[in-house]
Amino acid sequence: MDVIVARHAGFCFGVERAVQMALQAIEDTEYPQPLCTLGQLIHNPLVVKSLEEKGIYWVQDVEELQNYSPGTLIIRSHGIAPQVLQVVQENGWTVLDATCPYVRYAQTCAALLHAEEYQVLIFGNDEHPEVQGILGHTQGKGYAVSSKAALEEITLKKKVGFLAQTTKQMATFAQMAHFLLKHTKELRIFNTICTVTGERQEDVRRISNMVDLMLVVGGKNSANTRNLVSVCQESGTKVYHIQCPDEIKPQWFINIDKAGIAAGASTPNWIIKEVEELMCEKSEEKKNENNELEEQQDQLQQEETLESVPNQENSEEQDVSDVETPESVSKNEEETGSEVPVEVKEPKEAETDTEQEQDTAEEPHPMEGEEALKYSQMLKSLRRGQIIKGKVVEVKEDGVFVDVGYKTEGFIPKRELEQGQGEDLSEDLQVGEEIYVSFLGMDDEGIARLSKRKADLEQAWETVRNAQKEDTTITGKATKVVKGGLVVDIGLRGFIPASHVAIEYVENLDQFVGQELEMKVLEVEKKNNNVVLSRKKVLEEQQAQMKEETLRNLQEDDVVHGKVTKIVDFGAFVDIGGIEGLLHISEMSWGRIEHPSKVLKEGEELDVKVLNIDQGGERISLGLKQILPDPWDTFISKYQVGDIVDGTITKTVSFGAFMEIENGIEGLIHISQLARRHVETPDEVVSAGQSVQAKVININEGERKVGLSLKEMEVEQQKQEVEKYETQQDEGNITIMDHMNKDDLDKFGIGDLNDN
Ligand code: F3S
C-alpha cells in the first residue's frame with residue numbers, strides 16, 4: 001500500500017506560535033506562580049496532556065480561574081473577547097496573548113465595521129471560541145451565521161459588513177457574499193479566511209481524489225480538522241477521523257492500494273509520523289504475508305512438478321496454462337537465431353537452490369554440463385522486478401513469448417502487456433521486436449514469468465526522474481480534469497495543478513483533455529505515486545527564448561507583426577514575439593481616440609512600428625499611426641490660409657478651443673479668435689461636439705499646427721450680409737427696419753463696420 005502524506009499537515013503557523021509561547025512561558029515563570037490557558041491551548045488531547053505534565057493547566061472559563069491565585073494566563077490562538085480580557089486583568093492575572101495574527105485581523109475588521117455602524121455578520125459557528133471572541137469585538141451586536149440558509153433568515157440592514165471564521169471554507173463564504181451582494185444596499189466584505197486553511201483543504205482535496213482511503217488526524221473538537229473530513233467526504237473517498245495512532249484498525253486497509261494522511265492544524269508532527277509509520281508497517285506486513293503465500297504456492301507447484309508432468313487444467317495461473325513443451329522452445333530458438341544479449345541491472349550473487357536444481361534435472365536443458373549450470377545460476381540471480389531486455393519470439397492470443405537470453409524463454413500474459421493493448425496482439429508486437437520486460441519469477445516449467453506493463457511503468461518513472469534531474473521536458477496526453485488541475489498520462493499518472501497549465505489563468509481546463517502536452521517535472525515522489533508537472537514552465541521558457549530571439553533582431557523603426565494581449569485605459573499591450581510592447585493611445589491613430597477599445601480588440605493581430613527600445617528591451621514603445629497614411633500630408637495639399645473649413649469642436653481649454661478639421665487634423669481657435677467681442681471663457685461661444693465653420697488663418701508646417709478663427713468667419717459673414725444688404729437696397733426691395741437698434745446692429749457687427 002502506498003501512503004501519501006498531505007504537504008500541509010500538522011501545526012499551522014498560529015498554533016505553532018501559541019505552543020512555542022506556552023513552552024517559553026514555562027521557562028519564564030517562577031514556580032509556584034500558576035500558568036493557565038483559557039480553554040485547551042490546542043484541540044489535541046495528547047498535546048494538552050503533555051502540557052499539563054509540564055505545568056500548564058487549562059480552565060473552562062473565567063469563573064474557574066478564581067480557583068487559582070493570579071498568575072499568567074495564556075490566550076490561545078482563537079483569541080478572546082475584550083470584555084473577557086478586561087475581567088481577567090481586573091482579577092490580577094498577567095496576560096500572555098498568543099492570539100493568531102489572522103484571528104486578530106478578523107477581530108479588528110469586526111470592531112471597525114461595528115464602529116462604522118455596519119450590521120456585522122460572521123460566517124461561523126457561534127459556539128466556536130474564535131467566533132465568540134470576534135463577536136465580542138462588536139460589543140455583542142454581530143451575528144454568527146453558519147450557512148447560506150441561516151443567512152437567508154436574517155433581516156438585513158442597510159449597511160452590512162461580512163467576514164468569516166478563519167477556518168471556514170472559501171466556496172461557501174463566496175456563495176454567501178454573493179447572496180449579500182444582491183440583498184444589501186451597502187456591503188463591505190473582509191476575507192478573513194486563513195490562507196493556511198485554504199491551502200490545507202486544497203491539498204487534502206487533491207490527495208483524496210488520488211487515493212482509496214483517507215485518514216484525517218486531529219482532535220474531534222477541532223473545527224478545521226472536521227472541515228478536512230468534510231472535504232474528503234466531498235470527494236467520495238472513504239475517510240476515517242482519528243485522534244491518535246492507536247485508533248487505527250488493520251481491517252480498514254483491506255483491498256486498499258493507496259491511502260492518504262491529512263492532519264488538522266492542532267496535530268503535532270510526531271503524531272502524523274507515527275500514523276504514517278503504523279500504516280506503512282501494516283502495509284509491509286500485508287505485503288510479506290502475500291509474498292509468503294506466493295512462495296508457499298511456488299513450493300507446492302515445484303513439488304507437484306517433481307511428482308508428475310504439469311497438468312494444464314490444474315495449473316494455477318491461466319497465463320502459463322498453454323506453455324509449450326521444451327522441445328518446441330528449442331525449435332523456436334533455432335528459428336529466431338542466436339542468443340539474445342541480456343541487459344541485467346544490478347545483478348545479485350547467484351544462490352544455490354536444491355529444489356531448483358532438481359527441477360532443472362527433471363526438464364532436460366538444451367545445454368549440458370557446466371554451461372547448463374552457468375545459465376541455471378544466472379537465471380536464479382535474477383531478482384523479482386528486475387528489468388531485462390528480450391526479443392519477441394511468438395505472439396499468441398493470450399500473450400507473448402519472449403526470448404530473455406539465459407537460453408530460456410519467458411511468457412507475458414496479455415494482462416501484463418501495456419495498457420490499452422488491442423485485442424489482436426500481433427498488431428502491436430512483432431516477432432523479432434526487442435522489448436524491455438520485468439522479471440516476475442519462474443514457473444514450474446522453467447518459463448520465466450514476465451511483465452511488459454511493469455517494465456514500461458518502471459521506465460516511465462525513470463524517464464520522469466531523469467527529466468526532473470536534467471530539467472528536460474516530457475510529453476503526455478491530458479486525460480481528465482480533476483479538482484485543482486489536469487491528469488496527464490505520461491506512462492504513469494501525472495498531475496498538472498491548474499496554476500501550472502498555462503502562463504495565464506485558464507478558466508476551463510476541459511479544452512486540454514485529449515491534447516498532447518509538453519511539460520517540466522516539478523515533483524516526483526514514487527513512494528506516494530505523485531508526479532507534479534508544469535506546462536507553464538515550458539511555455540515560460542519558450543517565451544523567454546522567443547523574447548531573446550526577438551530582442552536580438554529588433555531595431556527601432558522596424559515594422560513588426562503582433563497580437564493585442566491586453567487593452568488598458570492608456571493603450572494596449574501587443575505581443576511581438578515573446579515580448580510585449582506598449583502601444584500608447586496617443587500612438588494608435590492620427591485622430592483623437594475616446595478609448596483604445598474603440599480601435600482595437602484583445603486577440604487582434606496587426607502590424608506596428610517599433611518607436612523605442614528602452615532598458616535592455618524591458619520597455620518597448622510601439623506605434624500604429626506611424627504606418628497609417630499621414631492626414632497632415634493630405635491636409636497640406638488640400639488647404640491653404642484663407643480657406644473656410646468645416647469641423648467639430650473636440651474640446652475647450654482656457655486659451656481657446658480645438659476643432660477637428662479632418663480625421664487626425666486639429667486646429668486651434670485661440671480665445672481671441674473666437675468672436676469679435678470680448679470673450680471671458682471659450683464655453684461662452686462654443687462647446688465640445690458642436691459643428692462649426694472656421695477660417696484657416698495660419699498653417700505652421702514645421703510644427704504641424706493650424707490656426708483657425710471664428711472671428712474672421714464672422715467678419716466674412718458680415719461682409720457677405722452687408723454686400724447682400726447693399727445689393728438689395730440698390731434693387732429697392734429692402735428698408736432698414738425701425739426696431740433694429742444700435743445694439744442689434746452691434747450684435748451682428750454691422751455697427752462696427754459702419755464705424756469703420
Ligand atoms: Fe491562525 Fe490560520 Fe492557524 S488562523 S491559528 S494560522 S489555521
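Tutor: Let's start with burial: of the 756 residues of the chain, 42% count as buried. Bear in mind that this is a predicted model. The chain has 21 helices and 32 strands.

Student: What makes Phe162 count as buried?

Tutor: Its relative accessible area is 0%, and the cut-off for buried is under 20%. Phe173, at 3%, counts as buried too.

Student: And why is Phe655 called partly exposed?

Tutor: Phe655 has 39% relative accessibility. Buried needs under 20% and exposed needs over 50%, so a value in between is called partly exposed.

Student: Why is the pair of Phe162 and Phe173 called stacked?

Tutor: First, the ring centres are 4.8 Å apart, and a pair needs centres within 6.5 Å. Next, the planes are at 25 degrees, while stacked means under 30 degrees. Both tests are passed, so the pair is stacked.

Student: What does that pair tie together?

Tutor: Phe162 lies in strand E8 (residues 159-164) and Phe173 in helix H8 (residues 170-183), so the pair joins parts that are 11 residues apart in sequence. Ring pairs also bring in Phe123, making a cluster with Phe162 and Phe173.

Student: What makes Phe655 and Phe658 an edge-to-face pair?

Tutor: Their centres are 6.2 Å apart, which is within the 6.5 Å limit. Their planes are at 85 degrees, and edge-to-face means over 60, so that name applies. The structure holds nine aromatic pairs.

Student: Which residues have the most contacts inside the largest nonpolar core?

Tutor: They are Met214, Leu215, Ile248, Val275 and Met279, in a core of 31 residues. Strand E1 (2-5), helix H9 (195-208), strand E10 (213-217), helix H10 (223-234), strand E11 (238-242), strand E12 (258-263) and helix H11 (269-307) each supply at least two of its residues. E10 gives the largest share, five residues. As general background, nonpolar side chains tend to be buried together in soluble globular proteins.

Student: What does Met214 touch, leaving out residues up to four places away in sequence?

Tutor: Its contacts include Val204, Ile207, Cys232, Val239, Tyr240 and Ile261.

Student: What makes strands E29 and E30 count as paired?

Tutor: Two strands pair if there are at least two bridges between them. Strand E29 (residues 656-662) and strand E30 (residues 665-670) have six, in the antiparallel sense. One example is Ala657, whose bridge partner in E30 is Ile669.

Student: Where do those strands sit in the barrel order?

Tutor: Five strands close up as E28-E29-E30-E32-E31, with mixed pairing. Neighbouring strands there are turned by 50 degrees against each other on average, direction ignored. Helix H18 (residues 631-638) lies across E29, E30, E31 and E32, at about 90 degrees to E31.

Student: In what order do the strands of the E23 barrel run?

Tutor: That closed barrel of five strands goes E23-E24-E25-E27-E26, with mixed pairing. Strand E26 (residues 605-614) and strand E27 (residues 619-623) pair in the antiparallel sense over five bridges, and Val610 stands opposite Leu622 in E27.

Methods:
Residues are numbered from 1 along each chain as its sequence is written. This is a predicted model: local features need pLDDT of at least 70, side-chain atom pairs count only at pLDDT 80 or more; totals for chains, interfaces and linings use all residues. Side-chain values use heavy atoms; hydrogens and water are left out. A nonpolar core is a set of buried Ala, Val, Leu, Ile, Met, Phe, Trp, Tyr and Cys residues joined through side-chain atoms within 4.5 Å. Buried means under 20% relative accessible area, exposed over 50%, partly exposed in between (1.4 Å probe, protein chains only). Helices (H or I, at least four residues) and strands (E, at least two) are DSSP runs, numbered from the N terminus. Contact means heavy atoms within 4.5 Å. Axes are lines fitted to C-alpha atoms, for helices over the stretch in contact, and angles run from 0 to 180 degrees between N-to-C directions. Rings of Phe, Tyr and Trp (its six-membered ring) pair if their centres lie within 6.5 Å; planes under 30 degrees apart count as stacked, over 60 as edge-to-face and the rest as tilted.
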